[in-house]
Amino acid sequence: KHGVGVGRKGVVISRRRNLDAVLNSLPVVEDTMEDAVGKDTEDGLLFCKIFVDGLALRNVGFITLKSRLTATFADARKTIQTELGQDDGVPNKFKFIVQGLGPVSTKQENKLKLVQF
């Protein structure tokens, strides 16, 4: 499956089109990179459901990013650290993992846009 995640004891981000989808836990729409870039021509808020990867994925909440088109992994990290924390089950240190590709380096976090995945 395509998506964004974090390795052991980390965070997984699933793209959501609107807040209702996040709150109602509707299934994640998984796009290929070409589909996602082609469909996201209008900007707006990006809601990301956050999961912690341990023995099983566990939902720990969601974050809101200001732009679907320009939000990067670095933006997601900053928002996770300010809006969620250890009390919510998010570890102090975590790494993003793009399923099917592997871990995202800290240098890549500033360049890669979430809409690509």
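Colleague: Leaving aside its neighbours within four places in sequence, which residues is Thr-72 in contact with?

Modeller: In this predicted model, where residues are numbered from 1 along each chain as its sequence is written, local features need pLDDT of at least 70, side-chain atom pairs count only at pLDDT 80 or more, and totals for chains, interfaces and linings use all residues. Side-chain values use heavy atoms, with hydrogens and water left out. Once neighbours within four places in sequence are set aside, Thr-72 is in contact with Glu-109, Asn-110, Leu-112, Lys-113 and Leu-114, where contact means heavy atoms within 4.5 Å.

Colleague: Where does Thr-72 lie, and what separates the C-alpha atoms of Thr-72 and Leu-112?

Modeller: Thr-72 lies in the loop between β4 (57-65) and α3 (73-83), these elements being DSSP runs numbered from the N terminus, with helices (H or I) of at least four residues and strands (E) of at least two. Although Thr-72 and Leu-112 are 40 residues apart along the chain, their C-alpha atoms are separated by 5.6 Å.

Colleague: Why is Thr-72 called buried?

Modeller: Buried means under 20% relative accessible area, exposed means over 50%, and partly exposed is in between, with a 1.4 Å probe and protein chains only. The relative accessible area of Thr-72 is 9%, and therefore Thr-72 is called buried.

Colleague: What makes Phe-94 and Phe-96 an aromatic pair that is edge-to-face?

Modeller: The structure holds two aromatic pairs. Phe-94 and Phe-96 form one that is edge-to-face, at 5.5 Å centre to centre with 90° between the planes. Phe-73, Phe-94 and Phe-96 form one aromatic cluster.

Colleague: Are Phe-94 and Phe-96 buried or exposed?

Modeller: Phe-94 is buried, with a relative accessible area of 9%, and Phe-96 is buried as well, with a value of 0%.

Colleague: What sits over the ring of Phe-94?

Modeller: The charged end of Arg-77 does, 4.3 Å from the ring centre; the term requires NZ of Lys or CZ of Arg within 6 Å of the ring centre and within 35 degrees of the ring normal.

Colleague: What is the mean pLDDT of the protein?

Modeller: The mean pLDDT is 74, and 64% of the residues reach 70 or more, pLDDT being the predictor's confidence in each residue, from 0 to 100. Confidence is lowest in helix α1 (residues 19-23), at a mean of 49, and highest in helix α4 (residues 106-111), at 94.

Definitions and conventions:
Rings of Phe, Tyr and Trp (its six-membered ring) pair if their centres lie within 6.5 Å; planes under 30 degrees apart count as stacked, over 60 as edge-to-face and the rest as tilted.
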